[in-house]
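Here are some exercises to work through with the model open in your viewer. Try each task before you read its solution.

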Amino acid sequence: IFSRQLDVMVLVLIVGRFVEMAAYMLGCMATMPSLKRAPVFRRTEMRALIGFGSWMTLSNATVGVMTFINRFIIRMVCKLGEGTYYLIPEEILVRALMIPRAWNDVLFPAFVTSFNTQGEKTGELFEKGMLYLLLVMTPVTMLMALVLPDFLAFWLADGKLFMQKSMFVVQCLTLGIFIHGFGRVAWFFVQAAGRP
């Protein structure tokens with residue numbers, strides 16, 4: 001809002017991440033006062049911590065690679081200018097993933113709590129979480145698949161050509177984003193179970 005300089009934008013993003021981290025830390029300290037004490041090193045916990053941490057790191061790295069590998073493949077396979085027929089629709093459509101992300105921010109703590117207290121009701125919570133996401137994502141992705149090609153035709157200088165070349169890409173990406181949203185709920189469910 002207040003600057004168009006790249007270094008200022010990056011700085012704002014970094015500061016925002018630190019503010020977010022501090023907010024999470026304060027929330028954790030409020031609910032778990034034991035975090036205020038000095039940490040204690042226990043050798044007996046190292047093996048479990050390293051094992052769990054390694055799987056968690058691998059799981060998170062895999063999701064990151066799977067999220068962005070398509071761009072590298074497209075750039076290797078397509079001619080230099082043709083990648084835009086994929087990248088522009090992808091940049092727009094991927095914004096729909098903010099819905100499952102926000103939903104997972106709500107579901108993850110509920111999953112963790114449910115795994116630790118209710119046991120059998122965890123499956124019901126997972127099913128309801130998927131159902132509500134289905135009810136929201138279905139119209140959103142259908143609308144995007146229908147409207148985006150015409151929007152691109154209107155928005156871009158060579159819009160008609162762009163629409164023709166990217167129509168199939170828009171349809172495939174919309175379906176992929178729809179499925180990916182449910183995959184993220186399942187991934188967070190597994191993470192909440194402590195089984196990365």
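**Exercise 1: the core**

The largest nonpolar core comprises 25 residues, and Tyr86, Leu93, Phe111, Leu152, Ile177 and Val185 have the most contacts inside it. Such a core is a set of buried Ala, Val, Leu, Ile, Met, Phe, Trp, Tyr and Cys residues joined through side-chain atoms within 4.5 Å. The model is predicted: local features need pLDDT of at least 70, side-chain atom pairs count only at pLDDT 80 or more, and totals for chains, interfaces and linings use all residues. Residues are numbered from 1 along each chain as its sequence is written, and side-chain values use heavy atoms, leaving out hydrogens and water.

Task: find which elements give two or more residues to this core.

Solution. Step one: list them, namely α3 (84-93), α4 (98-117), α5 (121-155) and α6 (159-192). Helices here are DSSP runs (H or I, at least four residues), numbered from the N terminus. Step two: pick the top contributor, α6, with nine residues.

**Exercise 2: the salt bridges**

Task: locate the salt bridges (a side-chain nitrogen of Lys or Arg within 4 Å of a carboxyl oxygen of Asp or Glu) and classify the exposure of their partners (buried under 20% relative accessible area, exposed over 50%, partly exposed in between; 1.4 Å probe, protein chains only).

Solution. Step one: count two salt bridges. Step two: take arginine 17 and glutamate 20, joined at 3.8 Å, N to O. Both lie in helix α1 (residues 6-31), three residues apart, about one turn of the helix. Arginine 17 is exposed because its relative accessibility is 60%, while glutamate 20, at 36%, is partly exposed. Step three: turn to glutamate 91 and arginine 95, bridged at 3.1 Å, N to O. Arginine 95 is partly exposed at 48%, and glutamate 91 is partly exposed at 31%.
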